[in-house]
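Welcome! Let's take a walk through this structure together, one stop at a time.

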Amino acid sequence: MATELKVAWGPRKDNVYLGKEITRLDGVEKASGAAKYAADANPKGCLYAKVLSFKGGAGKVKSLNLDDALKVPGVKAVHAFVKEGDELQWDGALVAAVAAERQEQAEDGVRAIKFTFDTMEHFVDEDDLKGAEAAKRTKDLGNNTKGDVEAALKSAAVVHKGQYGIATISHMCLETHGSCTRWEEGKLIVNHSTQNVSGTPANFVSELQKQHNISVDAADVTVLCQFVGGGFGSKFAADDWGVAAAKMSKETGRPVRLMLDRATELKIAGTRPSGFAEVTIAADKDGKIVAWDSHHWGTNGGMKGGTINLAQFPYVFDFDNRNRKATGLVTNAGPDRAWRAPPHPQLCALTDTAIDDIAAKLGKSAVDVFLANIDKTPEKLQATYVAEIKRAAELIGWSKKWHPHGKGGDGDVKRGLGMAIHTWGGRAHAGTCTVRINPDGSVESLSGTQDIGTGTRTAIAMVLAETFGITLDAVKVRYGSSVYPRSGPSGGSTTIGGVTGPNRRAAIAALGKLFDVVAEKHKVDGNNLTTKGGKIWNGDKEVCTWKAACGLLGMMGIETTGEGPKDDGLTSEQVGGVQMADVSVDTKTGIVRINQFVAVQDCGLIVDLLTAKSQVYGGLIMGIAYSLTEEQILDNKTGRYINADLENYKLPRIGDIGELIVEMYQPDSEYERGVIGLGEPPVIACGAAISNAVANATGVRVPTIPLTPKRVLDALKAAKA
Amino acid sequence: MRDPREETIPNANGSGFNRRDFLRGSGAAVAVTALATSDQGATAQDAKKANVASAKAQDVTLNVNGKEHKLSLEPRVTLLDTLRDDLNLTGCKDVCDTTNCGACTVLIDGKPTYACSRLAHECVGKKVTTIESLAANDPVVAGFVKHDAQQCGFCTPGFVMATKAFCDKNPGATLAQVRAGLGGNICRCGTYVGITACAMELVTKKGGK
């Protein structure tokens, strides 16, 4: 009788690896500089390419001549992204590329390009709704109503009208977008900085055909990416510059490495859309919100005229009576790409701030008002939110430290508390994998996934080691090549479920086959067998070692395939999460400092507790960045992105983050939910939590995030006037 | 990693002035001044007065990780590009190329230095140490792994070098000193908590050695 093992996670208490703090398997490789990224690819004969990007708000190409660039010593290939008459709709739009023997020669080539353009009208002011209307740069994105807002407003105990906003930011991947392409015997090989190893070959094929009439079979394109230096949602495609590199590579018969320069990266390789809102919010005397009326607007750049999703606003809470309306602004800014948890950080920053303001108006603590409205959040999350709010409040000392808004102290430096809550899906993406048990006892997992820094490789190894009862070092995880079985793109917190589910399923199938062989050899029932500590057990009796069992397999070993997602309980979706900030605001300088920042986060079954916490710490730090300093600044007059470098695009440094306190919410009920993604949620509530803390400290709402010193001082001044 | 035409006057049709054009026209002798003052406008005049050397590729011998490397490089080539493209030592990363982020941190005569801020020709006669020289069991590398002080890992080698230099020099440093001492590097993924824990553990032991 064949062994039939149930597909499930084991009892939590029996786990050797799952849920424990395991250091990442590629940690030494990365920390010692041995890890090779696309930007590090340097095959023999490699040419280095640089781009000429447009410098202006909008323009029409008058002339473009690359002849002089080709004459520059060392230059081997040139490529025009545009032709005469084409319109360049934002600063940084690609004009041309030059590939040369050395980087400095490619730069010479770029400078030798003759390029002229006629200036066109531009509009870049992302928060100026009236200006956009006057310039006919708006799109009506709809409105809808639930309940009776007017009646609810009339009967409410308090009504508050507020303005809120959150600026556009860029992804700022430290490894810029790009690739190193080469052709070998008609086959294209790309070292690509990507979150989408399996999905990119087909994209190269279609774009090469469309843009350059170059035909290549998808089967003859290999995309490689062992490491990626940041993506955050912006690295899913072949991209025009990657396709141009492949084309120049074909022309020259040489490898071509084209990584965007820092300025162009910030301008065109992805932004998070802005959002601004006028909100009227009303509550009864107990803090229960009875009405919501909002009009929000913003831009996703790229002349697209989009803004954050109307249907998701207000965020998390679904109030009985609400009006909502959205307007998109058409701006000459680089187009958006998915930015970690799209568009939840914006939704949260425009919703939880208004809730905080109504709490302040009632003289109530935000904790009490959030709790009073938990029944308006998704039902399956309500108990989690209550538990997480209570725990976060304990960790930050809310009941001791809290004071009404504006009572943050008598000195120039005021102190305050703020909170916000979030949610995210995190369902497993579709993916497959192959698992092998080799006759020598070693184990392999093969899949075309990628580790974007979240610890995917380590998680896969942990699942196989746990399933087979062997040590981590017996597991080889192979990924980062499109040759391997297809896996999904790493976006939307879908990877952890997308790889652990298929690997667990394949491993359980493989284990069943192994038990069949062991059962036959040792005359036992395969269904009674288990494996732990490198041994096969029949009840509490040792049957043989793992190695001896694998030795029975003959030369071929066992190979199985796993797929996902499936409804077998290995993975599920939707998490909550609560964040609370304790800040100090210097009312003379406008500088906001984080004293403490607490995150309590659920994510179902935690695979690696160490890297899970790292995700949350990272989310908080990215959150501090966009809450306090980081933003895309476009100059209204010239249309230029004027802070497209690491000096003026302000990111926090190691001393700028205060004390971060992270607690994973992990009762057994969470374990039973199976694996859920964690990458997005911890970056969502930061903006609202920090803005609310500043409002609590000063008694003044600084309308727009990031809360730069100027914005803080302007708001304080306006409040006095 | 910078846009070769970004620092020219923001009119794509106009003529501008930028670092590499300047370095190309004036040679290494002047380039040292340019970097020391990092004020391109002011040094343009100095360039005229200086003893201008050839902009053509010249032989140069660099001592990197204890090994002598003979190369032929134009005076304008940065140490960063030389290490990465000519010597294939890609642990130092090209992130900003404007001395802001520290991803290209190497040691020059033991001192942590942004490799993008030095020309290869300036480093003749000096000892350049890159992350590739660290032993497999280096305590700073091990500390980064233990404290999970990395995510995507792109800023990590630069941070490891900065941490090594700081901890070697400042045993017993306080948390505030660690925060100030490692403030020259930028991480985007948000790994500062792990890095701080790693550095604090190292300075309370005996430094990065």
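Predicted model: local features only at pLDDT ≥ 70, side-chain atom pairs only at ≥ 80, totals over all residues.

Is Thr495(A) buried or exposed? Its relative accessible area is 9%, and because buried means under 20%, Thr495(A) counts as buried. Leaving aside residues up to four places away in sequence, Thr495(A) touches His429(A), Thr449(A), Gln450(A), Thr456(A), Pro489(A) and Ser490(A). With one of these, Ser490(A), there is a polar contact from side chain to side chain at 2.8 Å. Thr495(A) also shows how the chain brings together parts that are separated in sequence: Ala428(A) is 67 residues away along the chain, yet the two C-alpha atoms are 6.2 Å apart in space.

Next, let's look at the backbone of chain A. Most residues other than glycine have a negative phi, and most peptide bonds are trans. With that in mind, a few places are worth a visit. Pro342(A) and Pro343(A) are joined by a cis peptide bond, with omega about -15°. Pro343(A) sits in the loop that runs between β17 (322–329) and α9 (344–362) of chain A. Another cis bond leads from Gly564(A) to Pro565(A), where omega is near -5°. You will find Pro565(A) in the loop between β25 (558–564) and β26 (578–586) of chain A.

Two residues of chain A, neither of them glycine, have a positive phi. For Asn213(A) the value is near 55°, and for Asp239(A) it is near 70°. Both belong to loops: Asn213(A) to the one between α6 (200–212) and β12 (221–224), and Asp239(A) to the one between β12 and α7 (240–252). Their surroundings can be compared through accessibility. Asn213(A) is exposed, with a relative accessible area of 62%, whereas Asp239(A) is buried at 11%.

Now let's turn to where chain A meets chain B. The size of an interface is often given as the accessible area lost when the parts come together. Between chain B and chain A that area is about 5,700 Å², with 52% of it coming from carbon and sulfur atoms. The contact involves 63 residues of chain B and 75 residues of chain A. How many salt bridges are there between the two chains? The count is seven. One that you can look up is formed by Arg76(B) and Asp108(A), whose closest N and O atoms are 2.6 Å apart. On the side of chain B that touches chain A, the helices α1, α4, α5, α6 and α8 of chain B each supply at least two residues. By class, this side has 27 nonpolar, 16 polar and 20 charged residues.

Our last stop is inside chain B, where the domain assignment gives domain 1 (58–132) and domain 2 (134–204). Their centres, taken over C-alpha atoms, are 21 Å apart. Here 17 residues of domain 1 are in contact with 11 residues of domain 2, and the buried area is about 1,100 Å², of which carbon and sulfur atoms give 67%. Lys93(B), Thr105(B) and Ile131(B) supply 41% of the area that domain 1 buries against domain 2, more than any other three residues. Between these domains the salt bridge count is zero, while five residue pairs, both at pLDDT 80 or more, are in polar contact.

Methods: Residues numbered from 1 in each chain as written. Chains lettered and ligands numbered in written order. Heavy atoms only, no water. Helix = DSSP H or I, 4+ residues; strand = E, 2+ residues; numbered from the N terminus. Buried < 20%, exposed > 50% of the residue type's maximum accessible area, 1.4 Å probe, protein only. Contact = heavy atoms within 4.5 Å. Buried area = accessible area lost by both parts, 1.4 Å probe. Salt bridge = Lys/Arg side-chain N within 4 Å of Asp/Glu carboxyl O. Nonpolar A, V, L, I, M, F, W, Y, C, P; charged D, E, K, R; others polar. Polar contact = N/O pair within 3.5 Å; in protein donor to acceptor, adjacent residues only side chain to side chain. Domains from an automatic or database assignment.
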